[in-house]
Amino acid sequence: MTTVDDVSRPSRVAAPDEAISAEELQLAARNHGIPLEALRYDVTPAGLHYLLIHYDIPDVDPDAYTLTVSGAVARPLRLDLAALRARPRVTRRVTLECAGNGRALLRPRPVSQPWLVEAVGNAEWAGTPLAPLLREAGLADDAVDVVFTGADHGVERGVEQDYQRALPVADALREEVLLAYEMNGAPLLPQHGAPLRLIVPGWYGMAHVKWLRDVHVATEPFDGYQNAVAYRLRADADDPGVPVTRIEPRALVRPPGFPDFMSRVRVLRPGPCTVDGRAWSGYGPVTSVEVTFDGGDSWVPASLDEPTGDGWGWRRWSVAWAAAPGRWVLGARATDASGRTQPVEQPWNRGGFANNLVQRVAVVVVPAE
């Protein structure tokens, strides 16, 4: 008898020098990162924002859509889009980053969506806060987790499932968590979770459930696949691991000059220039950024622009550079208010999660011909 196990294989780590597979390329064609030149925008245009779709984009009719609030609550709720839009409206500027950002740079390489460093974006999300809705429903005293179910359905590592993630009650009740129906002032696009998605500022993207259809309050810890199996930091296959939650600090360089088509190596003319980029963290405000021009042998402090929004979006940094002829490797590392900073050695784990290793941008400075 044929089962879902016949079409869904276990997770694995690539063999030494194993090339990216056709399956990984297929994922990379469906899911895209931000073009790094788009780091110039304070708010990432929707079409340039990173995108990860676990299964299919579901066909959800907004006119027939309802969100249910169920489980261990005194007053179960059912709301259509009009009812959600009638509730208090909040707009938040929030940086989203995929938990697997940087995975393809790890050695050995975990086999999955082959992100480099571009799985990020900074958008303005509008919607209604989740916490008042939960309080209105009346959480049971013994509530432990709040489980969010999307309309997307698929198979992952042999497990057939709707996409589901949970937050501990205390995190679900944070006032900044949103039920979002707009992105950058327009209704959500299908690929970004229309007609409703969850926004959890400070957490990696797997927590921001798209195509949200049910909010279920549970009295036991949620042991669904995406919480208990998928998004965990493991040393090896037998390690139960620890959950992936908040975004580790990261700074990205907006590549200067112009690129070679294939290699993306940058070409720059000699002379003074401003090198800039963006920095963010889910653990606290970014407090400093250091920049290297020589692959990490030396570092100089960058200037930070004033924060924008309410502190959940990225922050621009910049530094002056007198570009001399030669080959250079640029990078930047962020430190946040919690004391966390980016590593210069890879923080390896089996799933390839939370890899905030310092970016390397190859630059060749050549005089104009």
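**Strands, a loop residue and pockets**

In this predicted model, four strands form an open sheet in the order β13-β16-β20-β19, and their pairing is antiparallel. The strands at its edges, β13 (250-253) and β19 (303-304), each pair on one side only. In general, the strands of a sheet pair through backbone hydrogen bonds, in either a parallel or an antiparallel sense.

- Strand β13 runs antiparallel to β16 (residues 271-280), and four bridges join them; Val-253 stands opposite Gly-277 of β16.
- Nine bridges link β16 and β20 in the antiparallel sense, with Ala-279 opposite Arg-315 in β20.
- Strand β20 (residues 315-323) is joined to the antiparallel β19 by two bridges, and here Leu-304 stands opposite Trp-317 of β20.

**Pairing around β17**

- Strand β17 (residues 286-292) is joined to β21 (residues 326-336) by six bridges, and the two run antiparallel. Val-286 has Asp-336 of β21 as its bridge partner.
- Strand β17 is also joined to β18 (residues 300-301), again antiparallel, by two bridges. In β18, Pro-301 is the bridge partner of Glu-290.

- Arg-174 is located in the loop that lies between α4 (169-172) and β7 (178-183).
- Is Arg-174 buried or exposed? Its relative accessible area is 11%, so Arg-174 is buried.
- Leaving aside residues up to four places away in sequence, Arg-174 touches Ala-131, Val-200, Pro-201, Trp-203, Arg-246 and Trp-312.

**The largest pocket**

- The largest pocket holds about 1300 Å³ of space.
- Its lining consists of 37 residues, and those nearest its centre are Leu-27, Val-111, Ser-112, Glu-156 and Arg-157.
- The elements giving two or more residues to this lining are α1 (22-30), β5 (145-156) and α5 (225-230); the largest share, five residues, comes from α1.
- By class, the lining of the largest pocket comprises 16 nonpolar, nine polar and twelve charged residues.

**The second largest pocket**

- About 1100 Å³ of space lies in the second largest pocket.
- This pocket is lined by 36 residues, with Leu-36, Leu-116, Val-117, Glu-118 and Arg-360 nearest its centre.
- Two or more lining residues come from each of α1, β21 and β22 (361-365), and β21 gives the largest share, three residues.
- The lining of the second largest pocket divides into 21 nonpolar, ten polar and five charged residues.

Definitions and conventions
Residues are numbered from 1 along each chain as its sequence is written. This is a predicted model: local features need pLDDT of at least 70, side-chain atom pairs count only at pLDDT 80 or more; totals for chains, interfaces and linings use all residues. Side-chain values use heavy atoms; hydrogens and water are left out. Two strands pair if DSSP finds at least two bridges between them. Buried means under 20% relative accessible area, exposed over 50%, partly exposed in between (1.4 Å probe, protein chains only). Contact means heavy atoms within 4.5 Å. On a 1 Å grid over the protein atoms alone, a cavity is a set of points where a 1.4 Å probe fits but cannot get out, and a pocket is an open set with protein on both sides within 12 Å along at least five of seven lines; lining residues have an atom within 4 Å of a point. Grid points are joined across faces, edges and corners, and a volume is the space filled by probe spheres set on the points. Ala, Val, Leu, Ile, Met, Phe, Trp, Tyr, Cys and Pro count as nonpolar, Asp, Glu, Lys and Arg as charged, and the others, Gly among them, as polar.
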